[in-house]
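Open the model in your viewer and keep the selection panel at hand. Each stop below gives you something to select.

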Amino acid sequence: MVGGGGMGGGLLENANPLIYERSGERPVTAGEEDEQVPDSIDAREIFDIRQCRARAGTESLFLYFPHLIRSINDPEHPLTLEELNVVEQVRVQVSDPESTVAVAFTPTIPHCSMATLIGLSIKVKLLRSLPQRFKMDVHITPGTHASEHAVNKQLADKERVAAALENTHLLEVVNQCLSARS
Amino acid sequence: MAAAAALEAVAPTGALWGLVHDFVMGQQEGPADQVAADVKSGSYTVLQVVEALGSSLENPEPRTRARGIQLLSQVLLQCQSLLLEKEVVHLILFYENRLKDHHLVIPSVLQGLRALSLCVALPPGLAVSVLKAIFQEVHVQSLPQVDRHTVYSIITNFMQTREEELKGLGADFTFGFIQVMDGEKDPRNLLVAFRIVHDLISRDYSLGPFVEELFEVTSCYFPIDFTPPPNDPHGIQREDLILSLRAVLASTPRFAEFLLPLLIEKVDSEILSAKLDSLQTLNACCAVYGQKELKDFLPSLWASIRREVFQTASERVEADGLAALHSLTACLSRSVLRADAEDLLDSFLSNILQDCRHHLCEPDMKLVWPSAKLLQAAAGASARACDHITSNVLPLLLEQFHKHSQSNQRRTILEMILGFLKLHQKWSYEDKDERPLNGFKDQLCSLVFMALTDPSTQLQLVGIRTLAVLGAQPDLLSSGDLELAVGHLYRLSFLEEDSQSWVAALEASGALAALYPVAFSSHLVPKLAEELCRGELDLAKGDEPTKCSRHLRCLQALSAVSTHPSIVKETLPLLLQHLFQMNKGSMVAGTSEVIAICQSLQQVAEKCQRDPESCWYFHQTAIPCLLALAVQASMPEKEHSVPRKVLLEDEVLAAMVSVIGTATTHLSPDLAAQSVARIVPLFLDGDISFLPENSFPCRFQPFQDGSSGQRRLVALLMAFVCSLPRSVEIPQLNQLMRELVELSCCPSCPSSSTAAAKCFAGLLNKLPAGQQLDEFLQLAVDKVEAGLSPGPCRSQAFTLLLWVTKALVLRYHPLSSCLTHRLMGLLSDPELGPTAADGFSLLMSDCTDVLTRAGHAEVRIMFRQRFFTDNVPALVQGFHAASQDVKPNYLKGLSHVLNRLPKPVLLPELPTLLSLLLEALSCSDCVVQLSTLSCLQPLLLEAPQVMSLHVDTLVSKFLNLSSSPSMAVRIAALQCMHALTRLPTPVLLPYKPQVIRALAKPLDDKKRLVRKEAVSARGEWFLLGSPGS
């Protein structure tokens, strides 16, 4: 599923990408601190869960996510999928009562070779972080990638996802994307 | 007689022979020390030792010779200070000669030479001869590590004492040393060798034609790649080697032509540590280099630094790259130019500008910030560089600001401008006209005002910060600009929607008001005063929420601008006047309004603390006013009108307490004495003469039979007397203390009796040790004991006990342990037990109103640690001995103590308490659970080894608590679940499936904050033992 992982250290697919602003930490409201009030799962929460922070520091990540993390905009803000606008809160649809989640992500360039991997990371993160009752759908924002359908099909196929996660090498890369420790 | 003396001489000599024989032939180590001790005590001379060794020094068997020389060297090492010059000469000749001997002998010979190199009596010329002999005869790098180290020590010793002689050797010495250290591999020796090379260079030894050789022999270690072995007993860190090598490489410009290419090569390498080391070394070199050394390498250096900053993923590389650029520029700016030479600084900066300029025009793209940072790093190096860069960049950025219309792009551009403006603050310009910013002032101002009126908060915020920086430039803004700026700040201070810009505007107003008091008192204060009057009218009419918040903003703005004494003189009367108005019968003032005024007053007081004169002005003006209002309110009245009573509410009193405290702590002792002489009589004797508007319907007697309203005002007395400097004497102290104790146990009103107890404790804490203190203590103890016996005022007596204990614990008073025990005893009291447990929280925490360091109380730094070590064993014992129904009290008390203790202090102690903590996890009290979890969490992070023994208990208890009814406990339990992943993975793996299954439940918790913790904990557990984690 991973294509073109062998880019050298110096060459980047996209050396000077557009940077988007990051939304801050979600402020804690009084309602959230009140023991009695139930808070329903909303798009922002999914968005926060799914922020795969591609932090700098892990050497081997250089190979796989060069265009994400190879350079830093501001020391206080390591680039994340959010800053690259790969994921946006408006592209997250969630319904707590119906137990469904749909996430669309946008690769930085139409030929991004990492699209499947990003999708897989998002999918795995959601699988680990949402209650089992949720049915989840991860796909590429329509019209933003050359092989959109192929990627979507792969991501939707439960068995292929499960098979992919049995590949140690792939699991390693996914885990690195999800690891909060930097 | 002579025979007897001869006999005496023979006897020890005989003993000496025996010792020497034992050492040389018997291969025993002990005799060497014995001989050395005897020589030191004068029993025999070094000559006699040599004589005794005689034959073994000439023995044909090299091992025996080595042994003989070893003994001599060991003796010399201990006794070199006793040697005479003549002896030294002979010994040196002997040892130099022995250097030619068998290789087994060499180590001992070197030891002997090391002893002699320490010798003060060494005649001139011998040092040189020893070194020559070593350079000639010994192949140092084929010796073991210890002996190589000995050679370095000999050289170091001579360099310390015989510098002139060694310099006489000229470049031969340098060459000899190069040969000695060539090929050295041991980190211990390298540290010494680097030190020697550094001294060679810094003490100006002749390097002759060997500069490049000396560079080669040291630079071959760059960049240092050394990882100390685990359990290394020598404790040499990689960092030590890096720093000492860097000191060598960066010590002289003569290395420049060799070093700079090497640094460029290593910056270009792929290894992070090599990049960092090279950039840091370059940074260090710039301190000694000049234009000449850098000239040929500037383009390559710039290219490397630029590439690193543009492309790196590591913040450290970026920071080091910027620092290197900064010092390069500083170095170029520093050099004195010959008239005909080209100014390298200009061409270098032009290069930077050329490469970075165009990125500044793309505020959305990623390279905009790295470019701005590079330019700012260079501009920060010198006034000249700053001028050059800003004169190029500012016009460009100003133009770009107008070209881009989106707020976020404008914000990026303005933020860059702000960065460049801040750099200007570093340089002071003598001549007003030369200031480079003057030319841009009008454009900058209009741009800032544009930003301030933009709808985007983020842009407003940057605009406010820029305004503050512009204002801080001396004589830049004209009075017209200031008037406009004040107008904008006034408008922003009343913005409704977003609190961020409003807070920033207040901060900027405060900073600018300190610089331009006239502008603010003429343009801002009158507007605020007007606003305040309008607020009063509105309030009188009945509130609308928006008006109410406008009123609040106005109060905050008033306190924010009170940063200059002259402004305080206008704002304080306004605020006090307002407070009086609010309490005039006509108005219905709510508690929150009065508190808001008090908070404003307190902020003004805080701002006055820096300036003694304002401080006294505030104290003298505000305190009589507040007291007068409070006394007025406490008067019993027939028609119980509501607004007056507002002042007696607990919250309002607390707000007044903090105003009085803040206004008192920074008073000078003599002024404080003036004030105390009026306030204490007010409370004790009802002397109201100093209060404004002091016509009250009846007497003020809070301690006598006065109403409960009057008694409540003891809190104000407390705020004042407990904030006084310790040296201020309090009049009528004896009577005051007795009244306080009396009131503290009076059962009528809990808040006034607590205030009295606190006041008593606050005064007690500051009293010097002595008879008076003991008397007061006795008084308190008697009262407490009487009160604790069954009766109506047990809880008051307990409060008094608690506060007195706290006062004593803070100052390490001997009686404190006795009182603490009394308190601990109460834990098993059926009635007072739970209160006593909570009391431990008070003992360990910092108060805000009394017994504070700011209020000059005697607070020893380590009191918490001390309390912990003194009392925790007793608490644990008490817990074990206590009956089942009061056990939670002990656990709760213990939790409070543990919770407040600084975590680093707590960690080493926790393992001994671990069993108790595990038991506490099963306690049903939420407070205990929460505090235990918060103790265990850092322990899991810091001491995973200890904790892994209990993994079974921990996993099950944490999972249990993760479904507790209390949200805080659920969160803490999940955080502990998360922290558990720090334990060694093999210990955790058996639990992984169970935990992952169990954590699926809190993923669906009804509270978002709980779900958040569950997500992160479960995510970590998934990663355990997985590839790539």
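This is a predicted model: local features need pLDDT of at least 70, side-chain atom pairs count only at pLDDT 80 or more; totals for chains, interfaces and linings use all residues.

**Stop 1**

Select R794(B) and D829(B). Their side chains meet in a salt bridge, 2.6 Å from N to O. R794(B) sits in helix α41 (residues 794–810) of chain B, while D829(B) is in the loop between α42 (815–825) and α43 of that chain, so the bridge ties together parts that are 35 residues apart in sequence. Are these two residues buried or exposed? Both R794(B) and D829(B) are buried. For R794(B), the relative accessibility is 12%, and the cut-off for buried is under 20%.

**Stop 2: other salt bridges**

Move to E858(B) and R860(B). Their side chains form a salt bridge at 3.9 Å, N to O. R860(B) is partly exposed, with a relative accessible area of 35%. Next, select E163(B), K167(B), R195(B), D199(B) and R203(B) together. Salt bridges that share partners join these residues into one network. How many salt bridges does the structure hold over all chains? The total is 40.

**Stop 3: a negative patch**

Show the surface and select E212(B), E213(B), E216(B) and E257(B). These residues gather in a patch of negative charge on the surface. Which helix gives the most to the negative patch? Helix α12 (residues 211–219) of chain B does, with three residues. E212(B) lies in this helix, α12 of chain B. With 39% relative accessibility, E212(B) counts as partly exposed.

**Stop 4: the cysteines**

Two cysteines show the spacing. Select C331(B) and C286(B). The closest cysteine sulfur to that of C331(B) is in C286(B), 5.1 Å away, too far for a bond. A disulfide needs the sulfur atoms within 2.5 Å. C331(B) is buried, at a relative accessible area of 0%.

Then pick C361(B) and C356(B). The sulfur of C361(B) has its closest cysteine sulfur in C356(B), at 11 Å, so a bond is ruled out by distance. C361(B) is partly exposed, with a relative accessible area of 24%.

**Stop 5**

Most peptide bonds are trans, and most residues other than glycine have a negative phi. The next selections depart from that pattern.

Select F222(B) and P223(B). A cis peptide bond joins F222(B) to P223(B), with omega about -10°. P223(B) is in the loop between α12 and α13 (238–249) of chain B.

Switch to chain A and select S99(A). Its phi is positive, near 55°. S99(A) is placed in the loop between β1 (87–95) and β2 (100–105) of chain A. The residue S99(A) is buried, with a relative accessible area of 11%.

Return to chain B for H856(B). What is the phi of H856(B) near? Phi of H856(B) is near 65°, again a positive value in a residue other than glycine. H856(B) is found in the loop between α43 (833–844) and α44 (863–881) of chain B. H856(B) is partly exposed, at a relative accessible area of 24%.

Key
Residues are numbered from 1 along each chain as its sequence is written. Chains are lettered from A and ligands numbered from 1 in the order in which they are written. Side-chain values use heavy atoms; hydrogens and water are left out. Patches are made of residues with over 30% relative accessible area and no salt bridge: like charges are joined within 9 Å, nonpolar side chains (Val, Leu, Ile, Met, Phe, Trp, Tyr) within 5 Å. Accessible areas come from the Shrake-Rupley method with a 1.4 Å probe; for residues, only the protein chains shown count as cover. A salt bridge is a side-chain nitrogen of Lys or Arg within 4 Å of a carboxyl oxygen of Asp or Glu. Lys and Arg count as positive and Asp and Glu as negative; His and the chain ends are not counted. The place of a charge is taken as NZ of Lys, CZ of Arg, CG of Asp or CD of Glu. Helices (H or I, at least four residues) and strands (E, at least two) are DSSP runs, numbered from the N terminus. Buried means under 20% relative accessible area, exposed over 50%, partly exposed in between (1.4 Å probe, protein chains only).
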